[in-house]
Amino acid sequence: MKFDPKIQQVPDGLDLNAIPSHVAFIMDGNGRWAKKRLMNRVKGHEQGAQTVREVVTTCRELGIDVTTLYAFSTENWARPKEEVKALMYLLKRFLKNEIEELREKDIRLNIIGQIERLPGDVRMEAEQAMAATETNSAMVLNLALSYGAREEITRAVQQIADEVRSGTLGEKDITDKTISDHLYTAGMPDPDLIIRTSAEFRLSNFLMWQAAYSELAFTPTLWPDFTRQEFYRILIDYQQRDRRFGKV
């Protein structure tokens, strides 16, 4: 973990030597942000994309190793077709436009979720963006797309069952680590901190295995209004918590 010496406006009280290794965001409130302004919901998603850029930049400056963004859930496929279509368009545009920025900031893009369910053109952009940034090493940016924790765990169990049937894995050899190694986030640290915007107090099928000992932070701020200053305040609060992991 190494923070950027050019980091902007770091407030008093934030210890740059105690930054979490993995921060995950449930980016909620785009639609409500637009509704409050009598706009189409898509306008909220467009504004939310600007917040994504600011948050990713801030995470990179702070030296966070892994940032995970809950961008599109398995349940989101049930939204109106026009909204889903618009979201896929915005996602494709984001993937295409941000490759150079990711390269410049030495960020590796990774997709977690059912990438095979994405429209062909979006999947192609995602795969190209991952390939173009695969050697970057300063930070991993996970985009959770068509992601659901129950689906992820079910998939892991199925893979483990296949290995047991084939004889490559013994039943008694199955451990917590075995399951972790079969998740989309295999090889990554579990999130130290999960932040959810828009005054909702639930995980919504997000990283449920990985969140076993994550610190949770909830804010009433709608995602398009979330700022680096509020992120700093949440990090200061996080640094004041006593993480015991079940121990005394």
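This note sets out points on helix packing, nonpolar cores and selected loop residues in a predicted model.

1. Basis. Residue numbers start from 1 in each chain as its sequence is written, and side-chain values rest on heavy atoms, with hydrogens and water left out. Because the model is predicted, local features need pLDDT of at least 70 and side-chain atom pairs count only at pLDDT 80 or more, whereas totals for chains, interfaces and linings use all residues.

2. Helix pair. The axes of α2 (residues 41-62) and α8 (residues 228-239) come within 10 Å and cross at roughly 45°. That makes α2 oblique to α8 (under 35 degrees is roughly parallel, over 145 roughly antiparallel, 65 to 115 roughly perpendicular and the rest oblique). Axes are lines fitted to C-alpha atoms, for helices over the stretch in contact, with angles from 0 to 180 degrees between N-to-C directions. Helices are DSSP runs of H or I with at least four residues, and strands are runs of E with at least two, numbered from the N terminus.

3. Helix contact. On the α2 side, Glu 54, Thr 57, Thr 58, Cys 59, Glu 61 and Leu 62 meet Arg 228, Phe 231, Tyr 232 and Leu 235 of α8 (contact means heavy atoms within 4.5 Å). By class, this contact has 5 nonpolar, 2 polar and 3 charged residues (Ala, Val, Leu, Ile, Met, Phe, Trp, Tyr, Cys and Pro are nonpolar; Asp, Glu, Lys and Arg are charged; the others, Gly among them, are polar).

4. Nonpolar cores. The largest nonpolar core has 46 residues, and Phe 25, Leu 62, Leu 109, Leu 143, Ile 195 and Phe 231 have the most contacts inside it. Another core, of 12 residues, lies apart from it and includes Ile 112, Ala 144, Tyr 147 and Leu 207. Such a core is a set of buried Ala, Val, Leu, Ile, Met, Phe, Trp, Tyr and Cys residues joined through side-chain atoms within 4.5 Å. Buried means under 20% relative accessible area, exposed over 50% and partly exposed in between, with a 1.4 Å probe and protein chains only.

5. Positive phi. Most residues other than glycine have a negative phi. Asp 106, in the loop between α4 (99-104) and β3 (107-112), has phi near 60° and is partly exposed at 25% relative accessibility. Ala 199, in the loop between β5 (193-196) and β6 (215-218), has phi near 65° and is partly exposed at 35%.

6. His 182. This residue is found in the loop between α7 (176-180) and β5. His 182 is buried, with a relative accessible area of 13%. Leaving aside neighbours within four places in sequence, His 182 is in contact with Arg 155, Ala 156, Gln 159, Ile 160 and Glu 163.
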